[in-house]
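These notebook entries record what I looked up in one structure.

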Amino acid sequence: MPSRADITYFGAGPSALPTEVIEDAAQALINYNDTGLGIAEHSHRSDIAKNIINKTKADLASYLDIPDDYEILFMSGGGSGEFAAVAYNFVGAWVARKQAEIGSGDNAVPQLQSALKDLKMDYIITGGWSQKAAAEAERLFGAEHVNVVADSRKVNNGKFGVIPDESTWNLSQGAAFVYYCDNETVDGVELPGFPKALESTGVNEPIVVADMSSNILSRKVPIKKFSAIFFGAQKNLGLTGITVVVIKKSFLPPVTSQPSATLMRQLGLPIPPRIFEYETAAKNNSLYNTLSIFDVYVAGQVLNRLLQQYPNKVEGQQAVSEEKAQIIYGALEACPNIYKIIPDKTARSRMNICFRIEGGDAVEAAFLKEGTALGLTGLKGHRSLGGIRASNYNAISIGGAKKLADFIGAFAKKQGQS
Ligand SMILES: Cc1ncc(COP(=O)(O)O)c(C=O)c1O
C-alpha cells in the first residue's frame with residue numbers, strides 16, 4: 001500500500017493538500033486546541049469559529065494584497081453556485097444604479113422596465129467553465145441579456161485552446177458586468193494577465209468579474225481592477241465545501257443595496273436565494289447560515305503555511321509555479337513527435353497542462369498505467385477532452401514536477417522517438 005509520500009497526485013480538483021495541513025486537520029477534527037471537541041463540532045457562532053474566519057480573511061488579504069475596500073466572503077454552492085450568484089448580484093446592482101438614476105416617481109417601474117432592453121451581461125468564453133457560467137446567466141435571465149464578447153471556438157476550428165485577439169472583442173456599453181474565467185481547468189487555457197480591453201479608461205470603467213477557481217494563490221492578482229473575483233477552495237486553497245468571493249465594498253451596503261424582491265418581480269427578473277446574496281453574506285460576516293468552519297480552518301492552515309514559506313507572499317509561489325510549469329512543458333516540448341500540447345503556446349495554463357500522446361487511446365492508457373506504477377497519479381484528462389492533464393497546483397513540489405518530467409522523457413524514449 002503506498003504512503004502519501006509515494007504519491008504525486010496531479011488531479012484537477014479536489015487536489016492534494018500539503019501533508020502537514022491534513023495531519024493537523026485530522027487532529028483538529030478530533031480535539032481542537034484541547035477543547036475536548038472537534039472543530040467541525042463547535043458552533044459556527046462560537047468565538048472559536050469567528051476567530052478562524054477573521055484570521056483566515058486577514059491571511060488571505062495579506063497573501064494576495066487585498067485592499068481594505070474589498071470584502072472577503074465565504075459562500076457555499078461551489079464555483080457553479082457562483083455562476084448564478086454573480087449574475088443575480090451584479091444584475092441587482094445594475095437595477096439599483098438605474099433606480100437611482102430614474103428616481104422613485106410614479107413612472108419609475110415602467111421606466112425601469114423599458115431600461116431593461118439595455119441590460120447586458122458580457123461573457124468572454126475561453127473554455128468549458130466560462131461557457132457554463134454564460135449558460136447559467138442565459139437560463140436565469142434570458143438569452144437577450146447575455147452578450148458573448150468573444151468565443152475561442154470561433155477562431156480555433158470549433159475548439160477551445162486560444163484567447164481570441166482582444167481587438168475582436170465585442171464589449172457592451174454599460175454592461176452589468178463583464179465576466180471571464182482566468183484559468184480554464186478543463187481546457188488548460190489561462191489568460192496571460194489582466195486583459196487590456198478591460199482596463200478602466202477613466203470614462204469607461206468596466207465591472208469585471210473573474211472565476212479564479214483553479215489558479216488562485218498561484219500568481220499576483222491586480223485586485224483593484226476587479227469588481228469581484230471568486231474561487232472554489234478545492235484546488236489551491238483547501239477542501240471542497242467553501243467558495244470565496246472577494247468583492248469591492250462599493251457593491252455592498254451602504255453604497256449599493258440589492259433592489260427589493262417586489263421590484264424585481266415587477267420587472268420580471270429573478271430574485272436571488274438569500275444564501276447567494278453577497279450583501280447578506282457580508283452583513284453576517286459569512287455566517288448567515290451554518291458555514292463549514294472546518295473548511296475555513298483548513299484554508300487558514302494552507303494560507304498560514306504559504307505565508308511562512310514565502311516572505312514575499314504570492315510572488316514567491318508564483319515563481320515556483322512558473323518553474324514547475326516550465327519543467328513539465330519543457331519535457332513535453334523536447335519530444336514533439338510523441339506529445340502534442342493541446343492549447344496554443346500563448347494561452348497555455350501554468351496550472352492544468354493538457355496534452356495528447358501520439359498513438360491515441362491505447363498509448364495514453366499505457367502512459368497512465370506506467371505513471372501510476374511510479375506514484376504519478378490523477379493524470380487522466382477531462383472526460384470531455386480526453387488525453388492527459390497534469391494539474392500543477394501549489395501542493396505539487398518542484399521535485400514532483402521533475403519526477404513527472406523524467407517520466408515524460410523516459411516514456412517517449414520507450415516509444416522509440418524523442
Ligand atoms: C475554473 C472552474 N470554475 C468553476 C468550477 C465549478 O466548481 P464546483 O464544482 O465547485 O461547482 C470548476 C470546477 O472544477 C472550475 O475548475
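Entry 1. I took strands to be DSSP runs of E with at least two residues, numbered from the N terminus. On that basis I placed Thr8 in strand β1, which covers residues 8-9. I note at the outset that the model is predicted.

Entry 2. I then listed the contacts of Thr8, leaving aside its neighbours within four places in sequence. They are Gly375, Leu376, Thr377, Ile396, Gly400 and Lys403.

Entry 3. I turned to the whole chain and found eleven helices and 14 strands. The radius of gyration is 23 Å, close to the 22 Å that the globule rule gives for 418 residues, so I described the chain as being as compact as a globular protein of that length. Along the principal axes, the C-alpha atoms fill a box of roughly 80 × 60 × 35 Å.

Entry 4. Of the 418 residues, 54% are buried. Among contacts with a separation of 6 or more, 71% are between residues 24 or more positions apart.

Entry 5. I examined the surface and the charges. The chain exposes about 18,200 Å², and carbon and sulfur atoms supply 51% of that area. I noted 41 positive and 43 negative side chains, with the centres of the two sets 2 Å apart.

Entry 6. I asked how many aromatic pairs there are. The count comes to 18 aromatic pairs.

Entry 7. I then inspected Tyr180 and Phe226. Their ring centres are 6.2 Å apart with planes at 45°, so the pair is tilted. Tyr180 belongs to strand β5 and Phe226 to the loop between β8 (208-211) and β9 (228-232), so the pair ties together parts that are 46 residues apart in sequence. I found Tyr180 and Phe226 both buried.

Entry 8. Finally, I traced a cluster linked by ring pairs. Its members are Phe83, Phe90, Tyr123, Trp129, Phe177, Tyr179, Phe230, Phe251 and Tyr278.

Technical notes:
Residues are numbered from 1 along each chain as its sequence is written. This is a predicted model: local features need pLDDT of at least 70, side-chain atom pairs count only at pLDDT 80 or more; totals for chains, interfaces and linings use all residues. Side-chain values use heavy atoms; hydrogens and water are left out. Helices (H or I, at least four residues) and strands (E, at least two) are DSSP runs, numbered from the N terminus. The radius of gyration is taken over C-alpha atoms; the globule rule is 2.2 Å times the number of residues to the power 0.38. Buried means under 20% relative accessible area, exposed over 50%, partly exposed in between (1.4 Å probe, protein chains only). Contact means heavy atoms within 4.5 Å. Accessible areas come from the Shrake-Rupley method with a 1.4 Å probe; for residues, only the protein chains shown count as cover. Lys and Arg count as positive and Asp and Glu as negative; His and the chain ends are not counted. The place of a charge is taken as NZ of Lys, CZ of Arg, CG of Asp or CD of Glu. Rings of Phe, Tyr and Trp (its six-membered ring) pair if their centres lie within 6.5 Å; planes under 30 degrees apart count as stacked, over 60 as edge-to-face and the rest as tilted.
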